[in-house]
Amino acid sequence: MTTPFSLSTYFIFFFLSSALLHFNQCYAKEKKPSSYSLVLSLTHTKTSLTIPKSSYNLVKKNSETLDIREPLREVRDGYLISLNIGTPPQIIQVYMDTGSDLTWVPCGNLSFDCIDCDDYRDHKLMSSFSPSFSSSSYRDLCTSSSCIDIHSSDNPFDQCTIAGCSLNSLLKGTCSRPCPSFAYTYGEGIVSGTLTRDTLRVHGTSSNPNSIREVPKFVFGCVGTTYREPIGIVGFGKGPLSLPSQLGFLKKGFSHCFLPFKFANNPNISSPLVVGDQAISSKENFQFTPMLKSPMYPNFYYIGLEAITVGNGATTQVPLTLREFDSLGNGGMLIDSGTTYTHLPEPFYSSLLTALRSSINYPRAEDIEARTGFDLCYRLPCPNNNLNSLVTDDFPSITFHFLNNVSLFLPNGNDFYAMGAPRNSTVVKCLLFQSMEGSEEGPAGIFGNFQQQNVEVVYDLEKERIGFQTTDCASAATSQGLHKT
């Protein structure tokens, strides 16, 4: 999710200046005299995408809006899409993020630099894109509308200004240079790189699984330096740079069904992602809540939270800020696949913890709380150290009530989760919710991907609504051929 960046002015300026110099040096080393284009494709394997044979239905027209289905590989804190980039193909795995627009990939072999990534050392860089190995990639131009989109007038550290090419000159189309390097900020990180164009190939749905749609001149960021962002991202927001926008699906929609975290790093099963008409059709049994329009972040997906129920107890009303925006555009609840845990504002979050504590009789694991930073952890008996023997954990259910009388009962395991393997016939489970800390600007809360497990979520962009239905996503993956047995 992109948010206002909170690091010190000195650090940001130092980072951007260093990144600009570093990346331009790397780019100069790798670019070829001839223009280059990029073949981008989504796949669930780490091997190269086979070039379509004559029996394949290759769609090349931009006007075509062939539905696509792509698998999402689960890791510990998100869901990855495999992008197939370049000529010949290079496989890059990136996060699927509904809370941002830009698609970007790490660029350069040894030259890609992730600053302050010690906390992310478990995220070993899976792969990076090398423009020098692609015969078709090329850097975007200053006169491109995408160049204007990536450079924000309200960002004082924007590298367009540093490069001496003002936003005004971009708008007038009088800047003759290549598009200046950009800086794109996230909640805790920032990336710096250059806009690149190439061809994107995506796969058809089960009704026509051999079809491949070709999207020429797809725009993405070729990133050489990041701060706390070790893996690339594919943006699914509503802005012009997002993947749904560039594929022509902003008037249609997409859906996903996230597997539970117990399947993390399992190479044999993937979460289904569908983009196009199939994603939003035949959804009569779904509950739909309206998308709220944020004046501050109009390209992202907001919903209104009215209440939360703990167990069979009374329903607790939430603050108005979780379903309304103030005069500056702050408020609402962001639904974000790129944020792991649900975040709720204070003091409502503390009142939720109080309601849960009064309903749980297990002994607290305060040592685990101190070590992990989670606020409620409990020790549960686990006979023979076998989690499968833990038939029920007796935790109270949690139900989210959204606008339009939508009630989402969180599936088992979407609230408390085991922090590790059982020991001494005991397992520790913690509540995977967090307080919405920091600035009062932006969303009042976030509905994270952990709470979306085993729920099919439909983004109906045509009717501007979001639908929910609890689903066994592993069974859905099997039925769509995404489970290798």
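A residue is taken as buried when its relative accessible area is under 20%. In this predicted model, S271 has a relative accessible area of 0% and is therefore buried. S271 belongs to strand β14, which spans residues 271-275, and a polar atom of the side chain of S271 is placed 2.9 Å from the backbone nitrogen of L259. S137 is located in a loop, between β7 (113-115) and β8 (138-139), and its C-alpha atom is 6.9 Å from that of G86, although S137 and G86 are 51 residues apart in sequence.

Over the whole protein, nine helices and 29 strands are found, and 57% of the 485 residues count as buried. Of the contacts with a separation of 6 or more, 74% are between residues 24 or more positions apart.

In soluble globular proteins, nonpolar side chains tend to be buried together. The largest nonpolar core of the model comprises 79 residues, and F400, F402 and F468 are those with the most contacts inside it. Helix α7, covering residues 348-357, gives the most to this core, with five residues. Because residues of both domain 1 (67-250) and domain 2 (279-480) take part in this core, it lies between the two domains. For F402, with neighbours within four places in sequence left aside, the contacts are T289, I303, G304, L305, E306, M333, L408, F447 and F468. Another core lies apart from the largest one and has 19 residues, including F112, I150, I233 and L241.

Strand β17 (residues 305-310) is mostly covered, with five of its six residues buried. On the one hand, β17 runs antiparallel to strand β22 (residues 398-402), to which it is joined by five bridges, and within this pair A307 has H401 as its bridge partner. On the other hand, β17 is joined by three bridges to strand β18 (residues 315-317), again in an antiparallel arrangement, and here T316 of β18 is the bridge partner of I308. The strands β17 and β18 form a hairpin in which four residues separate them, and G311, in the turn, has a positive phi of about 60 degrees.

Strands of a sheet pair through backbone hydrogen bonds, either parallel or antiparallel. An open sheet of three strands, with antiparallel pairing, is formed in the order β21-β25-β24. Its edge strands are β21 (377-381) and β24 (416-418), each of which pairs on one side only, and neighbouring strands of this sheet are turned against each other by 35 degrees on average, direction ignored. Between β24 and strand β25 (residues 426-431), the antiparallel pairing extends over three bridges, and F416 finds its bridge partner in L431 of β25.

Terms used
Residues are numbered from 1 along each chain as its sequence is written. This is a predicted model: local features need pLDDT of at least 70, side-chain atom pairs count only at pLDDT 80 or more; totals for chains, interfaces and linings use all residues. Side-chain values use heavy atoms; hydrogens and water are left out. Helices (H or I, at least four residues) and strands (E, at least two) are DSSP runs, numbered from the N terminus. Buried means under 20% relative accessible area, exposed over 50%, partly exposed in between (1.4 Å probe, protein chains only). A polar contact is a pair of N or O atoms within 3.5 Å; within protein, one must be able to donate a hydrogen and the other to accept it, and residues adjacent in sequence count only if both atoms are side-chain atoms. Two strands pair if DSSP finds at least two bridges between them. Axes are lines fitted to C-alpha atoms, for helices over the stretch in contact, and angles run from 0 to 180 degrees between N-to-C directions. A nonpolar core is a set of buried Ala, Val, Leu, Ile, Met, Phe, Trp, Tyr and Cys residues joined through side-chain atoms within 4.5 Å. Domain bounds come from an automatic or database domain assignment. Contact means heavy atoms within 4.5 Å.
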